[in-house]
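Have a look at the picture first, then read on.

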Amino acid sequence: MLSNHFQNGIETAKLAWSRLPSSDDAETEGHERIMNDIGGAESLDYEVIENYAYREAQAKRSKLFNWYYAMLKWLIALLIGVGTALAAVFINLAVENFSGWKYAVTFSIIQHSYILGFLVYAIFNVALVFTSVFIVTQFAPAAAGSGIPEIKGYLNGVDTHGILLFRTLIGKIFGSIGSVGGGLALGKEGPLVHTGACIASLLGQGGSTKYHFSSSWLRPFESDRERRDLVTCGCAAGVAAAFRAPVGGVLFALEEVTSWWRSQLMWRVFFTSAIVAVVVRTAMAWCKSGKCGHFGSGGFIIWDISGGQEDYSFQELLPMAIIGIIGGLLGALFNQLTLYISSWRRNCLHKKGNKIRIIEVLLISLMTSVISFGLPLLRKCSPCPNSETNPDIECPRPPGIDGNFVNFFCSTNKEYNDLATIFFNTQDDAIRNLFSAKTFHEYSAQSLLTFLVMFYSLAVVTFGAAVPAGQFVPGIMIGSTYGRLVGIFVVKYYMKLNVDEGTYALLGAASFLGGSMRMTVSLCVIMVEITNNLKLLPLIMLVLLISKAVGDFFNEGLYEEQARLRGIPLLESRPKQLMRNMIAQEACKNQQVISFHRIVKVSEILYVLRSNKHNGFPVVSHGRNGEELVIGLMLRSHLLVLLHSKIDFQSSPFPCDPSGVTSRHIWTDFVKPISSKGMTIDDIHLTEDEKEMYLDLAPFLNPCPYIVPEDMSLAKVYNLFRQLGLRHIFVVPRPSRVIGLITRKDLLFEENDNSAAMELQTTSVRATAANRSSGGPHEHLQHPLLDSHLIQR
């Protein structure tokens with residue numbers, strides 16, 4: 001039965017498709033060559049290859065297997081949530097404890113000698129940073145950076161080698177601990193998104209065979225389409241774990257990283273984020289008992305400012321709008337500066353080898369230590385607030401404990417150093433201090449401005465170094481600093497208003513992230529979730545809209561700029577305006593179509609694969625009148641599998657029986673392992689006799705690729721290509737006949753409807769005549785080439 005369907009499918013293809021274009025006309029293989037030439041990236045096969053082996057496998061699936069398959073998806077979503085949450089717990093515990101030990105030892109030593117204290121502080125930072133850069137350069141090169149541009153490219157259909165390997169996961173986790181614990185001006189939130197994606201990918205492929213950590217019962221998830229859904233769940237889980245913001249994680253995956261979405265995926269992503277929230281909250285409750293060392297109220301980022309400013313007046317909208325403008329300007333400047341410096345690194349510095357990368361990171365670490373330790377020494381201490389009027393404030397703070405009011409190089413015990421309060425804390429605790437409510441005049445304008453300039457410069461220089469680096473928390477640090485600076489002036493000049501400086505720090509953080517990353521909805525929800533203050537939602541929305549509009553005037557978002565720098569050819573959500581004035585033929589006019597006949601000699605396949613790097617080839621066959629007709633698309637990876645197995649070689653140049661294919665192959669044989677680049681032509685070794693044999697490509701090709709007419713608008717081709725996640729589209733001359741027209745009603749039928757009499761009517765000459773007489777809906781279709789056709793289930 002399946003063999004008959006297969007033969008009928010080929011015959012239908014011959015009737016539906018026009019002749020293969022001449023060499024002047026071309027199919028869109030040029031898009032593929034561009035994607036392969038840029039940055040070593042390769043497109044993913046999100047399209048279902050409905051060859052004979054796939055159809056046979058689908059036909060053999062029972063209802064029990066479908067139930068097992070559905071339940072396994074939910075189980076994997078559960079494991080992704082648990083795994084990502086545990087990874088986040090481990091990273092935060094390690095960072096908080098390393099930082100706590102560092103500050104405790106430093107503060108105990110500076111009681112006797114500030115010089116010796118600085119040496120210990122700097123050595124501690126350099127040692128932690130060295131472990132991070134050593135892991136990245138020697139073990140997991142793909143773990144450098146945030147990983148979000150690469151994951152965004154993967155979900156957009158671009159596979160960058162190495163980004164989802166097991167060693168990348170290990171390098172991301174331990175590298176983040178070293179770089180963040182070492183005090184660099186970067187965060188761990190971006191790496192956590194990459195970590196969640198790696199966990200999802202490894203679970204989807206059953207583990208890692210290289211490190212003997214695999215399971216065969218997870219093997220159903222071996223196609224790129226299924227891995228894409230799992231990686232999306234992992235990205236949302238990473239954000240949910242980093243910020244304890246499950247809804248924000250779902251919206252981040254929807255708004256920022258994915259190019260393809262559906263309601264079923266939304267449900268699983270939400271479930272994964274909810275699991276993360278439960279596991280993280282359980283870990284937090286366990287750590288409250290004091291079993292986590294220095295891990296106290298810090299770690300998982302949640303800055304509760306619900307006790308701060310409860311209302312705002314119309315007069316405050318102007319300074320809040322100014323915060324949005326500042327965020328857009330500084331965010332756009334940050335994107336441009338990091339782009340220039342990262343480009344210089346990639347083109348000049350990093351080409352000199354790993355030793356230069358290690359030296360660079362160590363110099364950045366030493367410079368950061370000098371600035372963070374030296375600048376507070378130059379700052380005059382301030383007297384502590386009156387303990388009688390502020391009984392809840394502990395001033396100064398005991399050494400090694402997170403909180404406000406750090407006593408550093410002060411003459412008395414009743415003073416604190418406001419600049420050291422920001423520098424001598426983890427970034428999470430420093431943000432909590434900047435967001436803190438009812439702490440008027442804790443920071444001077446001079447200290448905030450000094451910290452803003454220095455930390456902004458450090459963040460620009462550090463971003464792009466060979467360590468795992470996120471930009472969420474540094475962006476919040478920068479924004480909250482100038483936001484609090486604006487809040488100081490608002491408090492000073494609007495004396496009668498109930499204004500809180502911490503509120504403006506929150507708005508500043510939102511504005512800088514909006515101006516740099518250009519996120520709106522997801523960032524708004526994340527800021528509300530991590531601050532526990534729903535009353536400020538309209539203000540957050542206001543500054544986000546302003547900062548994004550200002551930033552978009554100058555350049556693109558941070559991740560889009562970095563993706564372009566890394567050579568990741570992202571397809572944006574909308575086509576360029578120029579494409580609306582172009583047709584498909586113009587986009588591929590300079591290409592040469594390379595095709596195979598259905599029965600092809602093995603030596604010819606070898607020659608074609610070695611002479612070009614195309615990943616898809618049209619397959620042609622002779623029609624009834626001796627003309628060449630396209631019958632499908634053959635992927636390069638599938639050809640390599642057939643050449644490597646050799647079991648489908650035949651001595652005669654005649655079609656084979658497709659029913660025998662399933663006894664020799666299963667459809668998963670043609671799936672590329674995600675942990676490797678797949679097979680290459682250099683892996684193929686054939687004898688001279690084997691090269692003279694033949695191969696029938698019909699059972700293995702995709703008989704139903706997407707095709708567009710040559711005069712279709714390139715903008716429509718772009719939307720089709722991106723929204724369906726395609727890798728190839730055939731460009732053909734305009735068809736000469738129409739055999740049917742499917743409308744909405746033709747697709748509305750129940751899956752279990754066994755009525756043999758159900759007919760899906762399509763447009764035909766007879767139907768047109770009937771509609772004309774009855775005023776039917778297809779009265780306007782009266783083309784003389786329309787043929788009678790009946791689609792049945």
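## Charged partners in a predicted model

Glutamate 360 sits in helix H13, which spans residues 354–377. Keep in mind that the model you are looking at is predicted.

Is glutamate 360 buried or exposed? Its relative accessibility is 11%, and because buried means under 20% relative accessible area, glutamate 360 counts as buried. Which residues does glutamate 360 touch, leaving out those up to four places away in sequence? They are Arg345, Leu349 and His350. With histidine 350, glutamate 360 makes a side-chain polar contact of 3.1 Å.

Arginine 345 is a salt-bridge partner of glutamate 360, and their closest N and O atoms are 2.3 Å apart. This pair links distant parts of the chain, 15 residues apart: arginine 345 belongs to helix H12 (residues 317–349), and glutamate 360 to helix H13. Arginine 345 is buried as well, at 2% relative accessibility.

Here is the general idea behind such pairs: side chains of opposite charge can pair when their charged atoms come close.

How many salt bridges does the structure hold? The count is 23.

| Salt bridge | N to O distance |
|---|---|
| Arginine 345 and glutamate 360 | 2.3 Å |
| Aspartate 428 and lysine 188 | 3.0 Å |
| Lysine 646 and glutamate 690 | 3.5 Å |

Now take aspartate 428 and lysine 188, whose side chains meet in a salt bridge. Aspartate 428 is found in helix H15 (residues 427–435), while lysine 188 is in the loop between helix H7 (166–181) and helix H8 (189–204), so this pair ties together parts that are 240 residues apart in sequence. Aspartate 428 is buried, with 4% relative accessibility. Lysine 188 is buried too, with a relative accessible area of 4%.

The last pair in the table is the salt bridge between lysine 646 and glutamate 690. Lysine 646 lies in the loop between helix H24 (636–645) and helix H25 (661–664), and glutamate 690 lies in helix H26 (residues 688–691), so the two tie together parts that are 44 residues apart in sequence. Lysine 646 counts as partly exposed, at 31% relative accessibility, whereas glutamate 690 counts as buried, at 18%.

Salt bridges can also share partners: in this way Lys152, Glu256 and Glu560 are joined into one network.

Methods. Residues numbered from 1 in each chain as written. Predicted model: local features only at pLDDT ≥ 70, side-chain atom pairs only at ≥ 80, totals over all residues. Heavy atoms only, no water. Helix = DSSP H or I, 4+ residues; strand = E, 2+ residues; numbered from the N terminus. Buried < 20%, exposed > 50% of the residue type's maximum accessible area, 1.4 Å probe, protein only. Polar contact = N/O pair within 3.5 Å; in protein donor to acceptor, adjacent residues only side chain to side chain. Contact = heavy atoms within 4.5 Å. Salt bridge = Lys/Arg side-chain N within 4 Å of Asp/Glu carboxyl O.
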